[in-house]
Amino acid sequence: MSVNLTCTSLSFAWPDGTVVLDGFDAAFGPGRTGLVGVNGSGKSTLLKLIAGELEPADGVVRVAGEIGYLPQNVTLDTALRVDEALGIAAQRAALHAIEGGDASEEHFETVGDDWDVEERALATLGELGLGDLSLDRTVGEVSGGESVLLRLAALLLRRPDVLLLDEPTNNLDLYARRRLYQAVESWPGVLVVVSHDRELLERVDQIADLRGGEITWYGGNFSAYEEALAVEQEAAERMVRVAEADLRRQKRELTDAQVKLARRKRYGQKMWDQKREPKIVMGARKRAAQESAGKHRILHEEKLAEARERLDEAAEAVRDDDEIRVDLPHTAVPAGRGVLTLRELELAHGARVEGGFDLYGPERIALIGRNGAGKTTLLRTIAGELAPVAGEATAHVPLRFLPQRLDVLDGELTVAQNVARFAPGATNNRIRARLARFLFRGARADQKAATLSGGERFRAALAALMLAEPAPQLLMLDEPTNNLDMASVKQLTTALESYEGALIVASHDLPFLESIGITRWLLLDGELKEITPEAVGYPA
């Protein structure tokens, strides 16, 4: 495989001294690579180093050709026209001047060989579902998801040799995601994508797993990676069991040897005391016994140390896939009990609920729809954060709402203190015991919320809401898997398995929704309507 992108001895640390990469080496060739790893492993930092957004402390990045980079948080100047955002404004202006009869040489130089730039731009916009965007329209009129696709369109028009995508589907609805999937599948060059989107990762050629500052390569898509990883972990766990057995055996042998040496020592002392042999003979025997005992002890201690080292190495190969285990009996809602009533509801931005909608018992509702359809507005209205334009939204049980921004946490307070705000009647010991089930054990519960990684921050916010008093019998989550790594998504799924109340989840992540036992699917598209699971893949 020819190599187009290499990282050699790459080192980088943040200003506070936190080391992200140290002597990192990797090579990416043609094809689509999914870069995965837990939150904080350095995936986004690596893409920024490759793209030149960050300077390494040491090492070098070599690229054969041009790089195109789509960052995780796309920001575009709202005053820009679409053609300016696409980077073709100068070429368009030159083309229009030539068409208008201006044959200045500078216009021909600007156009170069790209005489069909407008047609290509419109075709690219169409392929990404932005066919209704005029090149003269301003960026301020497009949605957040359209901004991501517009930035991607600009990259596709440039035709870079290497394309870097950092969590590209985070803010995209199902329509936009499918367009992006198609663009990824048809990409002809080197593509490296950081993502937690399983559907996207099923479309790559290989997985690069960044862990402990090193990459391990797995051929195939994400499903193939999971299968290979399961085999690896089974073997690693088997090696731990073998190493533990060896360590126990070495401890027994050391103990047995110590007992034997103690017996010899007592026998030698007895002979010395009874003076049954000449003094010179007993002295020589004593010295030989001491030397033998010393060698014996050293040999067994070395074997024991080697056994401990083998166990440590085997344990390191086993991944720490701790799962959230929570017991939340007070969240249970009996089947048939009224949980939520919506009547003739009209939302702040125009969406409405015609007639009425009722939620009963421990139902699990998936709320889907295009970006900008009003899903977040509906959840905030139900939570009482926004007043409806008309109609009413009435919750009949205690509810909690976890927004995308996770702003339920106070960054200056510790994890334990944040939970205490939601459960003022709980003792400190009770809070810590419950937090341990959310993987905040010991000193981890004393970390300030502002210092937490993305996955830790989400777990802390989820713990604060689910451990609140009174216990929430209606839990509402808004795009909960955005910015979570695969391990954190799995932890969230496990936590929700323990939750016995009613659930409303707004999300574009279909594999996640399918994994949490959704019982009803609601589509918000101007109006709120129930759809069948088969209709969830609404037209692209």
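Glu 167 lies in the loop between strand E6 (162-166) and helix H7 (174-185). In this predicted model, phi of Glu 167 is near 45°, a positive value in a residue other than glycine. Glu 167 has a relative accessibility of 8% and counts as buried, because the limit for that class is under 20%.

**Backbone geometry**

- Ser 9 also has a positive phi, near 50°, and is a residue other than glycine.
- Ser 9 belongs to strand E1, and its relative accessible area of 35% makes Ser 9 partly exposed.
- A cis peptide bond, with omega near 0°, runs from Glu 469 to Pro 470.
- Pro 470 is placed in the loop between helix H14 (454-466) and strand E15 (474-478).

**The three-stranded sheet**

- An open sheet is formed by three strands in the order E2-E1-E4, with antiparallel pairing.
- Strand E2 (19-28) and strand E4 (58-63) are the edge strands, and each pairs on one side only.
- From one strand to the next, the twist of this sheet averages 15°.
- Five bridges connect strand E1 (residues 5-13) with E4 in the antiparallel sense, and Leu 5 stands opposite Val 63 in E4.
- Helix H1 (residues 43-51) packs on this sheet and touches E1, E2 and E4; the direction of helix H1 makes about 115° with that of E1.

**The six-stranded sheet**

- Six strands in the order E5-E6-E7-E3-E8-E9 make up an open sheet with mixed pairing.
- The edge strands here are strand E5 (67-70) and strand E9 (214-219), each of which pairs on one side only.
- The average twist from one strand to the next is 20°.
- Strand E3 (residues 31-36) and strand E8 (residues 206-211) run parallel and are joined by four bridges; Thr 33 stands opposite Gln 206 in E8.
- Helix H6 (residues 144-158) packs on this sheet, where it touches E5 and E6, and its direction makes about 175° with that of E5.

**Aromatic rings**

- The count of aromatic pairs comes to five.
- One of these pairs is formed by Phe 12 and Trp 14, which are edge-to-face, with 4.8 Å centre to centre and 90° between the planes.
- Within that pair, Phe 12 is buried at a relative accessible area of 8%, whereas Trp 14 is partly exposed at 35% relative accessibility.
- The ring centres of Tyr 218 and Tyr 225 are 5.0 Å apart and their planes lie at 80°, so this pair is edge-to-face.
- Tyr 218 is buried, with a relative accessible area of 7%, and Tyr 225 counts as buried at 7% relative accessibility.
- Tyr 218, Phe 222 and Tyr 225 are linked into a cluster by ring pairs.
- Arg 370 lies over the face of Tyr 175, at 3.3 Å from the ring centre.
- Arg 459 lies over the face of Phe 440, at 4.8 Å from the ring centre.

**Salt bridges**

- Side chains of opposite charge can pair when their charged atoms come close. The count of salt bridges comes to 21.
- Asp 136 and Arg 92 meet through their side chains in a salt bridge of 3.1 Å, N to O. Asp 136 lies in the loop between helix H5 (117-127) and H6, and Arg 92 lies in helix H3 (residues 89-99), so this pair ties together parts that are 44 residues apart in sequence.
- Asp 136 is partly exposed at 47% relative accessibility, while Arg 92 is buried with a relative accessible area of 8%.
- Arg 92 and Asp 136 also belong to a network of salt bridges that links them with Arg 81, Asp 83, Glu 84 and Glu 118.
- A salt bridge of 3.7 Å, N to O, joins the side chains of Arg 120 and Asp 116. Arg 120 is buried at 13% relative accessibility, and Asp 116 is partly exposed with a relative accessible area of 37%.
- The side chains of Arg 203 and Glu 185 meet in a salt bridge of 3.3 Å, N to O. Arg 203 lies in the loop between helix H8 (198-201) and E8, and Glu 185 lies in helix H7, so the pair ties together parts that are 18 residues apart in sequence.
- Arg 203 counts as partly exposed at 23% relative accessibility, and Glu 185 counts as partly exposed at 43%.

Key. Residues numbered from 1 in each chain as written. Predicted model: local features only at pLDDT ≥ 70, side-chain atom pairs only at ≥ 80, totals over all residues. Heavy atoms only, no water. Phe/Tyr/Trp six-rings, centres within 6.5 Å; stacked < 30°, edge-to-face > 60°. Buried < 20%, exposed > 50% of the residue type's maximum accessible area, 1.4 Å probe, protein only. Lys NZ or Arg CZ within 6 Å of the ring centre and 35° of its normal. Pairing = 2+ DSSP bridges. Helix = DSSP H or I, 4+ residues; strand = E, 2+ residues; numbered from the N terminus. Axes fitted to C-alpha atoms, helices over the stretch in contact; angles between N-to-C directions. Contact = heavy atoms within 4.5 Å. Salt bridge = Lys/Arg side-chain N within 4 Å of Asp/Glu carboxyl O.
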